[in-house]
Amino acid sequence: MTDKKKIQAPRGVHDILPDEQKYWFWVENNFREAAQAAGFERIIIPTFEATELFKRSVGEFTDIVSKEMYSFKDKSANSLTLRPEGTAGVARAYIEHGMQTMPQPVQLYYWGPMFRYDRPQAGRYREFYQCGLELLGDYDPIVDAMLIQTVAKFHKKLGMQDIVIKINSLGTERAKGKMMTALGKLLERNKKDLCADCKLRLKKNPLRVLDCKTGKCREILDKISPSLIDSLDDESKKRFTKVLEYLDEMRVEYELDPKLVRGLDYYTHTVFEVVARSNEELSLGGGGRYDTLVKQLGGPDTPAFGYAGGVERVIDILKQQALAVPDLIQSDVFIVQLGDRAKPKAIEVVEKLELANLRISSALGRGSIQTQLRLAAKLHTPLTIIIGDQEVHDKNVIIRDMEDRSQETVIDRDMVKITLKKLEEKGLRVPTIYESR
RNA sequence: GUGACCUUGGUGUAAUGGCAACACAACAGUUUGUGGUACUGUUAUCAGGGGUUCGAAUCCCCUAGGUCACCCCA
C-alpha cells in the first residue's frame, strides 16, 4: 500500500456491481427464455478471433473495422482482434464445425461482451454486452419474420413500452448495388443542399447519407426515399412483401423505414432495428439477412438471418421507464449464531441446508444477534435460523419468518424439511433450467 | 478522431486563495438471546503529476477518467 497511484478502469469499460445485477439477470433470463422458446440453442464463441475474420465479414471500410477494432499481435505474431460483434464468429463456427450437415436451419443464440474502440458516451462503451440470435441455412421469408417475432417477444417479456421495430429491405446483393447507384444519382442532383458531412458520405458510401439527422438532408431524403423501394428488383420486393405479411399474421408491430440501412457490409434483403420511442437516436438492437457471408468466409452457400441487441441500452430503457424488475433473493435462509458453542452447530446446519439445494447466507464472524438480524433484514432473506447455546443443548433450532416475525422451534431432525415447507408456502423456490416445468 | 463542460470520503453534495463541511452508507458501541427506529464514535494527504503563491480543493499546465455534441453504432 505504499504506492499511492490509484489504478482506474480503462476508458469506456465499466463494472457491473451487485446492485445492478437484478437488471442483468432479468434481461439475460428473458432473452434466454425467448430464444429457447423459439428453438434457438446457445453457442459460446471466443472473445477474440483472427483479425482477418472481421475484415472479411464486417467489411474493411466500415467504421467498425477501420477505426474501432481492438487488434493486437500475440507472441506468434498472429493478428488477433477482440470481437466487435458476434455474427462473424458464429458464421466462422458454422463453417468450422460443418454445421451444414446438421438439420437446417441452425438456430443459435449468444450473450457476451463485445469491444469497440470508440469515444464513450451515453449508451456507448468500449466493452459492452450484446445478446444475439442467428438463424443459418434457411432463405424462406418466414424465418425472417419468426426471428423478428422472437425479438419482439423478448422486449415484451421485459415489459418494455413504446418499442418499435423499424424494417426495410436492401434487396439482393445486386439490387443493393443498384440501389446505391440510384441513390447516388438522386443525391448528386441535390448535392448543393446537403450538409458538409453528407457531401463526404456521398463519395464514400451513399447509403450512409440516409442516416443523416440534419434538417435539410432529412427533407431531401423524405422526398427521394420512397422511390428507393421501387428500385428493388421484383424478386427482392416480393420477398420483402412476404416477410411483412408473415409479420402481420404474427401480429408483430413494425414500421416501414425506407431510410434504414445498417453499418455492416454483409446485410442484404431484410434489415431491422429495435428502438424505443423515447429515444429513437439510440437503437436497442438490430439485425438483418446475410446470405453471402458464410460463402464469403469460405463456407458453403448458406443464407442466414440474425439479430444483436445492446444489453446496456435495454437496461437503460428499463430504468428510464421505471419498469418493475423483480428483486433478487440472494439467499433463502440466514443463519444467526450466538456465541462460540453455537458456531460448530451453525456450520452443520449450513451444510445440511446446502445439501437441500438452498442458498444460505450468514455472518458467522459477528457476535450480536441484532447485528445479524439487521443484516438478514437488509438482504431480504425470507427465513432466519437462530442457534444459541440453548438450542445446542436442546438439539433444536429456531426458524424465524422474517416477514411476520413468527418463530417456531423445531428439532434438528425436522429442520430441513420444515425450512423447505415454509419456503414453498411462500412460493419462493424458483425452478432452475434443469428442473422440469 | 474533433469540440465543450466536469472529477472533493464507499455514494450524493458544500466550501471559489486562509483550520475540508453535511447527509446517507459502512464499521464499532449503547445492548453475548431477537431486525429496517434512536443516540455516540470511527472512516478524505480534495482523480494523478507538475507549476504560481507566505498559503491551493479553489488559479495555470500536463496526464487519466466522466458527461454532452459531432462522427459512428449495440
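Modeller: Quick ground rule: two residues are in contact if their C-beta atoms, placed from the backbone, lie within 7 Å. What you have here is a predicted model, in which local features need pLDDT of at least 70 and side-chain atom pairs count only at pLDDT 80 or more, while totals for chains, interfaces and linings use all residues. Residues are numbered from 1 along each chain as its sequence is written, with chains lettered from A and ligands numbered from 1 in the order in which they are written.

Biologist: OK, so what share of the residues of chain A counts as buried?

Modeller: Chain A has 16 helices and 16 strands; helices (H or I, at least four residues) and strands (E, at least two) are DSSP runs, numbered from the N terminus. Its C-alpha trace spans about 90 × 60 × 45 Å along the principal axes. A residue is buried if 20 or more other C-beta atoms lie within 10 Å of its own, exposed if 12 or fewer, and partly exposed in between, with C-beta atoms placed from the backbone. Of the 437 residues, the buried share is 34%.

Biologist: And of the contacts with a separation of 6 or more, what percentage joins residues 24 or more positions apart?

Modeller: One such pair is Asp63 and Gly263, which sit 200 residues apart along the chain with their C-alpha atoms separated by 7.9 Å. Neighbours within four places aside, Asp63 is in contact with Glu68 and Gly263. For chain A, the figure is 68%.

Biologist: Let's talk RNA. Which residues come nearest to RNA strand B?

Modeller: Near means that a residue's C-beta atom, placed from the backbone, lies within 6 Å of the strand. There are 61 residues around RNA strand B, and the nearest are Ala122, Gly263, Gly310, Gly388 and Gln390.

Biologist: Which element gives the largest share of that surface?

Modeller: Several elements supply at least two residues each, including β6 (127–136), α7 (196–204), β11 (304–310) and α12 (311–320). By class, the surface divides into 16 nonpolar, 20 polar and 25 charged residues; Ala, Val, Leu, Ile, Met, Phe, Trp, Tyr, Cys and Pro count as nonpolar, Asp, Glu, Lys and Arg as charged, and the others, Gly among them, as polar. The largest share, seven residues, comes from α14.

Biologist: UniProt has a "binding site" feature here; is its Glu85 buried or exposed?

Modeller: That unreviewed entry puts the feature at nine places you can check, among them Glu85, Arg116, Arg262 and Tyr266; such annotations may be inferred rather than shown by experiment. Glu85 is in the loop between β4 (79–82) and α4 (87–96), and it touches Val58, Met114 and Ala308, not counting residues up to four places away. Because it has 20 C-beta neighbours inside 10 Å, Glu85 counts as buried.

Biologist: Which residues is Tyr266 in contact with, beyond its neighbours in sequence?

Modeller: Tyr266 lies in the loop between β8 (255–256) and β9 (268–276). With 25 other C-beta atoms within 10 Å, Tyr266 is buried. Leaving out anything within four places, its contacts are Ser57, Gly59, Tyr290, Thr292 and Leu293.

Biologist: On to helix α6 (residues 173–189): within what arc do its buried residues fall?

Modeller: The buried residues of α6 are Ala175, Lys176, Met179, Leu183 and Leu187. An α-helix has 3.6 residues a turn, so residues three or four places apart point the same way. The face turned away from the buried side of α6 carries exposed residues, including Arg174, Thr181 and Lys185. Taking directions from the helix axis to the C-beta atoms, the buried ones line one face, so they fall within an arc of 100°.
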